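Please keep the sequence and the model at hand while reading.

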Amino acid sequence: MTHLLQIEDLRVTFNTRYGEVTALDGISMQVSEGETLGVVGESGCGKSITALSVMGLIPSPPGRIAGGAIRLNGEDLTKASEARMRELRGAEMAMIFQEPMTSLNPVFTVGDQIAEAIMLHQNVSRDQAFRDAIALLDRVGIPSPDARARDYPHQLSGGMRQRVMIAMAVSCRPKVLIADEPTTALDVTVQAQIFDLLNEIQRDFGSAIILITHDMGAISEMADRVAVMYAGRVIEEARADDVLDFPQHPYARGLISCIPALGKGEMAETLAEIPGVVPPLHLLGSGCAFADRCSHRQGRCDSEQPRLIAHGHHPAACHAVEEGRI
């Protein structure tokens, strides 16, 4: 299978008051046409930085891509000019951001904002672009799209604003669609509707989707493959069913144990939790970044960074897995 988007050994650094810190430490992942790649991990693991790197939106300064490649249909985006990136954003790849109210302009109607995105990449008049915007609002399930197109973002519910963001993102049928926590702060019913909509759009357009989330339940619903991230590294990667059924890394096991299990009408057991928090990037040492939170920690974990290599069912970066201790 030919990969539509390939991230190869990507390193991203930021200048901070603590000096230069590494936000992404040699990550690699890929996604193909019609496939959904789930990127999962807690806040601070590097998920959104990965998405912003692909879109060419890393603020520079203080950030920079320090190594590696991001290839879209073979073209290395890390070497593309800003003018070229503006051509690609929206047309070839698009992003659904986590909070629509910070992404939509409050002083323009949602129809005008979608129409602007269409006009930027297609040779159509403003009237035609606005008609296309109405059709897109209808396509993503917003009732009375003619009227809603003339509403401002604050006049819409959270679920409707997220649908507007999706309509804008798919307005030019991008080949790669990045969804960064697309259902944050939405109730479970609306979450399910958004996921159904993304699946429907993928079927119709054949887009590759990168779903960024901390929710393993969303991964089980949406993803074909999963990359588990921790402290700027990919620590486990495989087919979604393999990661969910046979997690290797202790961190992946902890994430999955946090998924509620229902039985006999009530919670089957007490929810598990992963102790501690993701360490600050400037405090990372030479060993495993998860060591302080891991019950399988031994001396090697403090001094040697584990490599992402195959153990058992699929690759995981863990000394304990490599040594057969878990």
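Helices (H or I, at least four residues) and strands (E, at least two) are DSSP runs, numbered from the N terminus. The model is a predicted one.

**Cavities**

Rolling a probe the size of a water molecule over the atoms shows where empty space is left.

The lining of the second largest cavity consists of Ile 7, Met 29, Thr 50, Ala 51, Val 54, Ile 178, Ile 210 and Ile 212. By class, these residues comprise 7 nonpolar, 1 polar and no charged.

Which residues of H1 are buried? They are Lys 47, Thr 50, Ala 51, Ser 53, Val 54 and Met 55. Just after H1, the backbone at Gly 56 adopts a positive phi of about 70 degrees.

The largest cavity is lined by 13 residues, and those nearest its centre are Cys 288, Cys 294, Cys 301, Cys 318 and His 319. Its lining is made up of 9 nonpolar, 3 polar and 1 charged.

**Volumes of the cavities and pockets**

| Space | Volume |
|---|---|
| Largest cavity | about 80 Å³ |
| Second largest cavity | about 30 Å³ |
| Largest pocket | about 550 Å³ |
| Second largest pocket | about 380 Å³ |

**The largest pocket and its helices**

The largest pocket, with a volume of about 550 Å³, is lined by 23 residues, of which Gly 90, Phe 97, Ala 117, Leu 120 and Met 168 are the closest to its centre. Strand S6 (93–96), H4 and H7 each contribute at least two residues to this lining. H4 gives the most, with 5 residues. The lining of the largest pocket divides into 14 nonpolar, 6 polar and 3 charged residues.

Two packed helices are described by the angle between their axes and the distance between the axes. For helix H4 (residues 110–121) and helix H7 (residues 158–169), the axes come within 9 Å and cross at roughly 20 degrees. Because angles under 35 degrees count as roughly parallel, H4 is roughly parallel to H7. The crossing of these two helices, H4 and H7, is right-handed.

Strand S6 also contains Ala 94. Is Ala 94 buried or exposed? Its relative accessible area is 5%, and buried means under 20%, so Ala 94 is buried. The C-alpha atoms of Ala 94 and Lys 175 are separated by 8.3 Å, although the two residues are 81 residues apart along the chain.

**The second largest pocket**

The second largest pocket has a volume of about 380 Å³. Its lining comprises 25 residues, and the closest to the centre are Leu 284, Gly 285, Gly 287, Cys 288 and Ala 289. Cys 288 is also one of the residues nearest the centre of the largest cavity. Which elements each supply at least two residues of the lining of the second largest pocket? They are strand S2 (19–32), strand S10 (233–239) and helix H12 (299–303). In terms of class, this lining has 14 nonpolar, 6 polar and 5 charged residues.

Key. Residues numbered from 1 in each chain as written. Predicted model: local features only at pLDDT ≥ 70, side-chain atom pairs only at ≥ 80, totals over all residues. Heavy atoms only, no water. 1 Å grid on protein atoms, 1.4 Å probe; cavity = no way out; pocket = protein on both sides within 12 Å on 5 of 7 lines; lining within 4 Å. Points joined across faces, edges and corners; volume = space filled by probe spheres on them. Nonpolar A, V, L, I, M, F, W, Y, C, P; charged D, E, K, R; others polar. Buried < 20%, exposed > 50% of the residue type's maximum accessible area, 1.4 Å probe, protein only. Axes fitted to C-alpha atoms, helices over the stretch in contact; angles between N-to-C directions. Parallel < 35°, antiparallel > 145°, perpendicular 65-115°, else oblique. Left-handed = near helix turned anticlockwise from the far one by under 90°.
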